[in-house]
Amino acid sequence: MGWLIEPGFFASAQVHTALVIGAAAALVSAVVGVFTVIRGQSFGGHALTDASATGGSGSLLAGVNPLLGFVVGAVTAAGAMEAIGVRHARGRDLATGIVLGASIGLASLFLYLDTTATATTGATQQILFGSIFAPAPGTVPIVAGFGAASLAIILALYRPLLLTSISGDLAAARGVPVRLVGLAYMLALALAVALSSLAIGAILSTALLIGPPATALHATRRAGRALIGAAGLGIACTWIGVLLAYDSAHWFSDGNGLPVSFFIVAVIFLAYLISDLTTHRATRRSTAAGRTGALVGDRDPRAAR
Amino acid sequence: MRPAAQHHPHVRALAVDGVSVTLGGRRILDEVAFTVQRGQFTGLIGSNGAGKTTLLRVILGLQRPHAGRVLLAGRPRARRNRSIGYVPQKVGLDPDLPMRARDLVELGIDGHRLGIARPSPARRELVAEMLAAVDAERFADSRVGRLSGGEQQRILIAHALVARPQLLLLDEPLANLDLRSGQEIVSLLDRIATEHEIAVLLSVHEMNPLLSVMDRVVYLAGGRAVSGTTDQVIRSDVLSGLYGHRVEVLHVAGRILVVAGGPAATNGSPDGLPGAAPLPDAR
Amino acid sequence: MQNAWIVATMVAVIAGVVGFFVVLRGSAFPAHAIPNGAFAGAAGAVLVGVSSLLGLGVFAVLSALGIGSLGRRGRHDVATALALVAMLACGAAFLSRTTEYAPEIFSLLFGEVLGVSTTELLPVAGLGAACLLAVAVLYRPLLLSSVMPEIAEAKGVRSDRIEIAFLIVLALATAMTVPVVGALLIFSLMIGPPAAARALTPRPGAAIALSVALALITVWAAIALSYQTNWPIGFFVGTISALAYGLGRGWNAARTHHHQLPHSATFTDASSPGSPAPPLGQRRQKRRRPI
C-alpha cells in the first residue's frame, strides 16, 4: 500500500479539504455537464469557465473570496450569452467566442493589476490553474452552499430540462417555458463552473464539466444512468488526481510535485480516450451485427425516457 | 410523353443496373434497375424511408452498392465523377454568409479544384447565363443566405448546372417550398431538361406536382423499384405488385391518389403511400 | 519595438485571412483550443531548452490533429473541449517544473508587445507565408466544403480531409501569433474582425480584405494602447475585437431592417394567390438584360 499512497495522505488536513472540495466540484460539474454535453454546448460551458477566471482575478483585486469572484464572473457571462441569444448554431458559437474573448481580455487586465498593483505573487497560476490544497479560509461552507443550489436547480428541473435539451420545439409544444428553463440551466452551469474553477483552476474546469459526462454518455444512452455514472467517475478522477498530486511530491528530488489539476485532467482525459476507443469498436461490431450504432444524446430518441 | 422530349435522340445519361444496398442488416435497396435519358424529366417517387436518399447517394458515388452497378453515359462511374449536378435536400446556408448568389453559382464551375480562380470575362458570362437560365438575375447580387427557399433553390440549381453536367439530381427539392414556388421550380427544371438536353432526376414523396412534366417515373417502395412512363407505372396492378399488397390508384380531379385498397382498408390508414393523404392544397 | 510592429502586421494579415474561414466554418472553438495547446508547447520548450517557436508549432499541430481525429468519431465540441484541457494541463505541469517566473507565463497567455527578437523574425515570416500559401491552394475546396459540405462531397471533396488541413493551417497561424497576442486571445482576433467584415460586405474577396484591414487596425491600436498604458495587449485585442463584432452586428441589423420592408412587399406580391404570376417563359423574356 505504501507505494500507492504516500505516508501522511490520510492524516493531512489539507488533503481532507481537497478531497471534500474536489468531490463537491466533481459531483456538481458532472450532473450539470451531462446536460451541457446533450445540448452540445461544450463551447458555452468552456466560455463560462474562462469568464469565471475573470471574476476570480477581479476578486483578488477587490480582496474578496475568489469563489465569490468565480460565481459573479460566470453568472454575468451566462447572462450575457443568454441575452445575445443567437439561434443559428454557427452564429451562437461566434457570439460565445466574442463574449469569451472580451472576458479573457478583462481577465488579463485584472491579473496584470493583481501582480503590479497589489503585489499578489502567483495570482495567474492560482486563478488559472487552481489552488485546491490552499483554499481561502471559510471556503468549504460556501462550496457546500453553491453546490447544493446548483444541484437543486438541476434536480427540480430534471424532466423539462431533458426535454428542452433534446428538442426545444417539442418542449415548447408541451408548454415548457424553454427560455426560462434555459436560463435556470445557465445559472446552475455558472455555479458548477465556479466550484470547479476553485478546485482545478478556471481554464481547466472544462475538464470536469465535459469529460466525465461525455465518457458516461459513451457507456449508456439513458440520461439517468449517465448522470450517476458521470458523478461517480468525476469524483473518482478527482480523488485519484489529488492522490497522485500528493504522491508526486516524492517523485522529484526537489520535493515539488506536479499540480493537482494536471493529474485530474490527465485521469479524466484517459478515461474518455478509453471509452471512446472501446465504444468505437463496439459500435463497429454492432453495426456489422445488424444494429446501427447511435450517437449519444444528440440523436438517440431513447435518451428522452 | 410530351412532344418536346421526343425530338432528341435519347442518349442514356444514367443506367442503374441491379443495385442492392444493405445497411445494418436491413435491405435498403433490392435490385433496383432503371435508366434515365438525356433531355428527360424523371421523377423518383417514394414515401419516407423507401430508399430514395440511399439511391441518390449510390448514384453520386457516396454509397457503395453491395451488388449491381451504376453506368453514367454508358460507362461505369469513376470514383470521382463530376458529370452529375447535385442539389441536396437541405443546405442550410448561414444568413450572414458573405456570398452573393452570383458567387455561389461561380463556385459551381470549379469549386473542387485547388488554388484561386482567376477572374475572367468568360467566367462572368457563364455565371450570368446560368443566373438567367434559372430566372435569378433579380436577386443575383443579394446575400444568398437571406434569399427565400425558392430563390435559394434556383441558385443551387444554377450552381449545379454551371459545370455543364449530363445529369442533374435533386433530393426532395419541393419539400420546404410553398405550392407556387414548387410549381415554378418544377416547370423551370422541365425547361432546363429540354433546353440544356440533360437528364433531370428528382426525388419527391408526393408525385402530383410532377404529373404535368414527368417523362418517366421511377417508383420506389420497400427498396424495390418499377420504372416507365406515368401510365405504365401508376396503375393499381403494377403498384400492388410492388407493395406486395393491394393498392388502388384513383384519379380525382386531375390528381392521382394511391390508397391502400381491398375491402378491409376502405377507410384504413394510407400510411406509407405517396400521394395517399387527402391533401388540402388541391386546386 | 520595430520588430513588434513588423510581426504584429504579419499577425494581423494571417489572422484576418485565416479568421475569415474560422468564422465561415463556425470553428471558433477549435480556434480557441489550438492556441491553448500551443501554450503548453511553449511551456514545454522552456523546460527542455529549445526555441519556444518550435514548441508552439509542434504542440499546435498536435492539438489540431488531436481535435481532428477525436472529432471524427465523436462529437466535435466534446472532442475540442477535451483536447483543449488535456493540452492546457500539460502546460500547467510543464510550468510547475520550470524555474521561469510568472511574467513569462503571463506574456505567453496574454501577449507581449516586445515578445519577438530579431532572430525570430524570419521563422515567423516563413510560417506566415506558409499559411497564406496553404489558404491560397485550398481556397476553392475550402470555401465549397465550408458553405455546402454535401455538395462538396458529391464533387469528390472529402470534408474530413479539408477539416484536418484547415486545422493544421490554423495551427501554423497560431504558432506565429502566440508570442505577440498571447495564447488566450488569438482566437479573438480571428473572429472579431472577420465577423465584422462579413457583416459589411456580401462578397467573399472583399470580406477577406476587409477582415485583414480590421485586424490590422485592431492589432496596431492594441499595441499603441498597450505601449501607452503598459496594460497587457490581450486586453485591448479582446475588447477591440468585441467592439468590431458589435459594430458589425449593429450595421447588419440596421441594414436588414432597412431592406426588410421593400423586400417582403415584393415577396407577398409575387406569391399572393390573387395575382397569378405570368408563365415563366414570359417573365424571363421581360427580365433578361443584355450581358
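Reply: Start with one helix, α3 of chain B, residues 101-110. Eight of its ten residues are buried, so the helix is largely enclosed by the rest of the structure. Buried means under 20% relative accessible area, exposed over 50%, partly exposed in between (1.4 Å probe, protein chains only). Helices (H or I, at least four residues) are DSSP runs, numbered from the N terminus. This is a predicted model: local features need pLDDT of at least 70, side-chain atom pairs count only at pLDDT 80 or more, and totals for chains, interfaces and linings use all residues. Residues are numbered from 1 along each chain as its sequence is written, chains are lettered from A and ligands numbered from 1 in the order in which they are written, and side-chain values use heavy atoms, with hydrogens and water left out.

Me: Which residues of α3(B) are buried?

Reply: They are Ala101(B), Asp103(B), Leu104(B), Val105(B), Leu107(B), Gly108(B), Ile109(B) and Asp110(B).

Me: What do the buried residues of α3(B) pack against?

Reply: Two helices of chain B, α4 (121-133) and α5 (149-161), together with α6 (118-147) and α10 (204-229) of chain C. Contact means heavy atoms within 4.5 Å.

Me: How do I read an interface?

Reply: Its size is often given as the accessible area lost when the parts come together. Here, chain C and chain A bury about 4500 Å² between them (1.4 Å probe, summed over both). Of that area, 74% is on carbon and sulfur atoms.

Me: How many residues of chain C are in contact with chain A?

Reply: 51, and they meet 56 residues of chain A.

Notes: Buried area is the accessible area (1.4 Å probe) that two parts lose on being put together, summed over both.
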